[in-house]
Every structure is written in C-alpha cells, then in structure tokens.
Amino acid sequence: MSKQAVTVIGLGPMGQAMVTAFLENGHPVTVWNRTASKADELVAKGAVLAPSVEDALKANELVVLSLTDYDAMYAILEPATAALDGRVLINLSSDTPDKARAAFEWAAGHGAKHVTGGVQVPPPLIGKEGSSTYYSGPRDVFDTYKETLEVITAADYRGEDPGLAAMYYQAQMIIFWTSMLSYYQALALGKANGVSAKELLPYASNMMTMMPHFLELYAQHVDNAEYPGDVDRLAMGAASVDHILHTSEDAGVDTTLLKAVQDIFQRGMGKGFEANSFSSLIEVLKKPSA
Ligand code: NDP
C-alpha cells in the first residue's frame, strides 16, 4: 500500500528532521519554507519544494506545521486561506494552550481541521525509539493520521481539547527550564568554591535519580489536598532554603533564583503551613479555584 503523502511547512532544525524521517520511511513529501534554501538538502533526498504556500497546501490533505510559534503560522497561512479548505493541519509549533484553541477555531472557519502537537524531543531524536509527541484535538482526525505521525515520534493522544497538548508540553518545559536553572545555580556555587561542573556532575545526576520518588509521593499530597508533615515539615524546608541562600551570598554568586524560592517558602509559612509537608506550597502556587 502506498504511504500517506504529507506536506511539511517550516524547515527549521525540527521540520528538516521530520521531512527526513518521512522520506526515509517512504512517504512522498512536499515542503515549503520562507527561506527556500533550507529545502535544498531535502530536495536532494527526494522532497518536492512547492513554489508557493498555496501549492504546498493543495499538494496534500495532510499538512504538518513546524514553525517557531503560532504567529508564524498566521503570517504564512493568512494570505493563503483559500487553499485551507479540506486540509488537516497537524500543528507541531510550540505556543500557549489558548493560542492552540484559537487556532482550532480559526482553521475550522476556513474548512480545515487542526490537531495540536507538542514535540518532546530535540531534532536528532526525531524518528528514533523513545521519542514522543503530545497530541490533542479531534480524536477521529488523530486516529486517521496516527500511523503516519508515528514515523516522526510515538504519538501520545491527550484529549479532545485543542489546548491540552500545548498544556502538557508547557508543563514539561516548566520542569525543564526551572530544573536546568537550579543546576546552573549549583554549578555557580561549585565554581565559586573551585569545584568544576564535571566534579559536581555525578552528584547532580544522583539527585535527579531520586526525583521520581518525590514526584510520586507529592502527587498524592497534591491530588488529595492533604500535606502531612510526617516526613518533612515546611519549617524545616524554609530553614534549609535560608541556608542555601546564605551559602550562595557568602560565595558571591547571583541569588535571584534562590530569593524567589525563599519568597515562596515564606508565603507558605505565612499561610500557617509550617507543620505541613512542603508540598503545601502548591496552595501558594495554584489558581485559588483549582
Ligand atoms: P525554528 O524557530 O528554528 O524554525 C521554525 C521555522 O519557523 C523556520 O522554518 C522559520 O522560517 C519559520 N518562521 C518563523 N517565523 C516565521 C515568520 N514570521 N514567517 C514565516 N516563517 C517563519 O524552530 P525549530 O525548527 O527548532 O522548532 C520548530 C518548533 O518545534 C518550535 O515551535 C519549537 O518550539 C518546537 N520544538 C523544537 C525543539 C528543538 O530542540 N529544536 C524541541 C521540541 C520542540 P525561516 O527558515 O525562513 O526562518
């Protein structure tokens, strides 16, 4: 059986990796990019470069978008909306859940279906084992194209709400960016004390391997809205945060991040949670009605 033909719009590092994966798996691929020269190597591998966005849209029902953000999508597709009727847009560009929901409505207004995606891996892992993408939007549309989408990564369908895939993606990115900053904070302290990143690496890695245990324990606390202080108490945590702040001040490293952490702990103490687990800090962070 012939493989599903696909159009890919957006040839940054991610789009290029996706086109390569589709081609290597025998899918006919039409491409378009604002900077056309980024298609050169892909054309040499067998992709067809469409002369215009309209042609790219008309070439195939299935259209994968891999753009910097949703504004880039509107910049590209607004002038070509006449060619959107009947297309299925798989939007693998990152942005906010609300923008994904608005794009779903916008696409429907032009006769197109829109499925949101959030790719969880960097370009070198596209087409490789262990990679995954969140999807959300109409289940029947997702199911129709699931097999083709699984050429680029495993497909993790999260639900009908078009914003869900973006929400899962952004939740992951919150963990990634803040964890990496905490890592750099620790490295800065090491540097100030003559300890290299390489020397701290095994200890930082060891700390990370303990995290799944904490995540599981505190997920129960958060979902039950019960924060028993039987293993840890917020007051103990607040004292510890003071210690890391003072250690960093003494070492002369930047303390912006640690002051923000201290502020959150102090607000938890102010709410009277000192004898509760530090998981009670979710009460400081969450939307009051959630
Ligand atoms: P880039 O930002 O490098 O490139 C994306 C594409 O967007 C390019 O083709 C670029 O065109 C196009 N573009 C941006 N603005 C406009 C505009 N105003 N008009 C027309 N075209 C525009 O992104 P990546 O390829 O790295 O990533 C694509 C998506 O995947 C992003 O949303 C990113 O968040 C997500 N992602 C990326 C990962 C990564 O490690 N790279 C990991 C996981 C997700 P041109 O070539 O002409 O500049």
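Predicted model: local features only at pLDDT ≥ 70, side-chain atom pairs only at ≥ 80, totals over all residues.
Local features need pLDDT of at least 70 and side-chain atom pairs count only at pLDDT 80 or more, while totals for chains, interfaces and linings use all residues. Residues are numbered from 1 along each chain as its sequence is written, and side-chain values use heavy atoms, with hydrogens and water left out.

**View 1. Helices H9 and H10 side by side.** Helices here are DSSP runs (H or I, at least four residues), numbered from the N terminus. H9 covers residues 234-251 and H10 covers residues 256-270; their axes come within 10 Å and cross at roughly 155°. Axes are lines fitted to C-alpha atoms over the stretch in contact, and angles run from 0 to 180 degrees between N-to-C directions. The two helices are therefore roughly antiparallel to each other (angles over 145 degrees count as roughly antiparallel, under 35 as roughly parallel, 65 to 115 as roughly perpendicular and the rest as oblique). H9 passes H10 in a left-handed crossing, a term used if the near helix is turned anticlockwise from the far one by less than a right angle. On the H9 side, look for residues including Leu234, Val241, Ile244 and Leu245; they belong to a contact whose H10 members include Leu258, Val261, Phe265 and Met269. Contact means heavy atoms within 4.5 Å. By class, this contact has ten nonpolar, five polar and three charged residues. Ala, Val, Leu, Ile, Met, Phe, Trp, Tyr, Cys and Pro count as nonpolar, Asp, Glu, Lys and Arg as charged, and the others, Gly among them, as polar.

**View 2. H7 against H9.** Here H7 and H9 pack at an angle of about 45°, with their axes 10 Å apart. That makes H7 oblique to H9, and the crossing is left-handed. Gln185, Leu189 and Ala192 of H7 make the contact with Thr247, Ser248 and Ala251 of H9. Those residues divide into three nonpolar, three polar and no charged.

**View 3. H4 alongside H5.** The axes of H4 and H5 (residues 97-109) come within 11 Å and cross at roughly 20°. H4 and H5 are therefore roughly parallel to each other, and H4 passes H5 in a left-handed crossing. From H4, Tyr70, Asp71, Met73, Tyr74 and Leu77 meet Lys99, Ala100, Ala102, Ala103 and Trp106 of H5. Eight of these contact residues are nonpolar, none polar and two charged.

**View 4. The largest pocket.** Its volume is about 2,700 Å³. On a 1 Å grid over the protein atoms alone, a pocket is an open set of points where a 1.4 Å probe fits, with protein on both sides within 12 Å along at least five of seven lines, and lining residues have an atom within 4 Å of a point. Grid points are joined across faces, edges and corners, and a volume is the space filled by probe spheres set on the points. Of the 50 lining residues, Thr178, Ser179, Ser182, Met211 and Phe278 are the closest to the pocket's centre. H7 (164-192), H8 (197-224), H9, H10 and H11 (282-285) each supply at least two lining residues. The lining holds 37 nonpolar, eleven polar and two charged residues.

**View 5. The second largest pocket.** This one has a volume of about 810 Å³. Among its 32 lining residues, those closest to the centre are Met14, Ser66, Leu67, Thr68 and Ser94. H1 (13-24), H4 (70-77) and H7 each give at least two residues to the lining, and the largest share, eight residues, comes from H7. By class, the lining has 19 nonpolar, eleven polar and two charged residues.
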